[in-house]
Each structure stands twice: as structure tokens, then as C-alpha cells.
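Here are my notes for you to read alongside the picture. Keep the model open and look up each spot as you go.

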Amino acid sequence: MVDVRTEISINCPIDVVAHYAADPDHAPHWYENIKEIEWVTMKPLQLGSKMAFIAYFLGRKLEYVYEVTEYVPGKKLVMTTANGPFPMETTYT
């Protein structure tokens with residue numbers, strides 16, 4: 001198992017940052033490896049939402065679908081791969 005943790009401080013109110021980061025449509029703007037997002041389920045983001053991601057990592061194209069497995073607006077977002085090349089889980093707090 002590989003566990004990667006990153007942390008950054010952003011000088012904005014937490015509700016603004018949480019709202020922005022929890023919107024998958026914004027991921028290509030702030031995460032350089034993610035190139036494209038397509039909603040599989042209908043918006044808005046909620047428990048069970050699914051989004052297809054296209055990313056490039058180490059020169060390889062990765063395609064996977066994330067499913068929201070935990071969502072507390074403004075506090076926590078957990079997405080787990082529903083399918084893809086390997087299992088992943090991403091947590092935003």
C-alpha cells in the first residue's frame with residue numbers, strides 16, 4: 001500500500017476553500033495531473049456521486065471513476081475508485 005499525504009495552507013476563509021476543492025470540475029485547474037472530468041451521475045456532489053477522471057502520471061494516461069463514499073460539506077470529502085487501473089482513495093479535509 002502507498003499512502004501519500006499533502007498539505008497546503010490557503011489564505012482564504014475555510015468555507016470558500018472547502019466549496020472550491022469539493023467541486024470536481026475545479027480539479028483540472030489546481031491539480032496538474034488531472035486533465036479532464038466527466039460526471040457519470042447527475043450534479044450536485046453528494047454521497048454516491050461518480051465522476052470519470054482522465055489524468056497523466058509518469059507519462060501514462062490513467063482513466064478511472066471515483067465514487068463519493070463520504071461527504072460532509074465544508075468538512076470532509078472521501079472519494080474511492082469504483083473502477084480504474086488500481087484502487088485509490090482520496091480524502092479532503
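Two residues are in contact when they have heavy atoms within 4.5 Å of each other. Before the points, two housekeeping remarks. This is a predicted model, where local features need pLDDT of at least 70 and side-chain atom pairs count only at pLDDT 80 or more, while totals for chains, interfaces and linings use all residues. Numbering starts from 1 along each chain as its sequence is written, and side-chain values use heavy atoms, with hydrogens and water left out.

1. Let's start with Phe53. Not counting residues up to four places away in sequence, Phe53 touches Pro24, Ala27, Ile34, Glu36, Ile37, Leu62, Glu63, Tyr64 and Tyr66.

2. Phe53 also turns up in the largest nonpolar core, which has 16 residues; Ile34, Leu45, Met51, Phe53, Tyr64 and Tyr66 have the most contacts inside it. Such a core is a set of buried Ala, Val, Leu, Ile, Met, Phe, Trp, Tyr and Cys residues joined through side-chain atoms within 4.5 Å. Buried means under 20% relative accessible area, exposed over 50%, and partly exposed in between (1.4 Å probe, protein chains only). Which strand gives the most to this core? That's β3, with four residues. In general, nonpolar side chains in soluble globular proteins tend to be buried together.

3. Now the strands, which are DSSP runs (E, at least two residues; helices are H or I, at least four), numbered from the N terminus. Two strands pair if DSSP finds at least two bridges between them. Strand β1 (residues 34-39) pairs with strand β2 (residues 50-57) in the antiparallel sense over five bridges, and Glu38 sits opposite Ala52 in β2. β2 is also joined to strand β3 (residues 60-72), again antiparallel, by eight bridges. There, look for Ile54 opposite Glu63 in β3.

4. Check out Leu58, in the loop between β2 and β3. Leu58 isn't a glycine, yet has a positive phi of about 55 degrees. Is Leu58 buried or exposed? Leu58 counts as exposed because its relative accessibility is 76%.

5. The peptide bond from Lys43 to Pro44 deserves a look too: it is cis, with omega near 5 degrees. Pro44 lies in the loop between β1 and β2. For background, most residues other than glycine have a negative phi, and most peptide bonds are trans.

6. Last stop: Thr81, in strand β4 (residues 76-83). Thr81 counts as buried because its relative accessibility is 16%. Leaving aside neighbours within four places in sequence, its contacts are Tyr64, Val65, Tyr66, Phe86, Pro87 and Met88.
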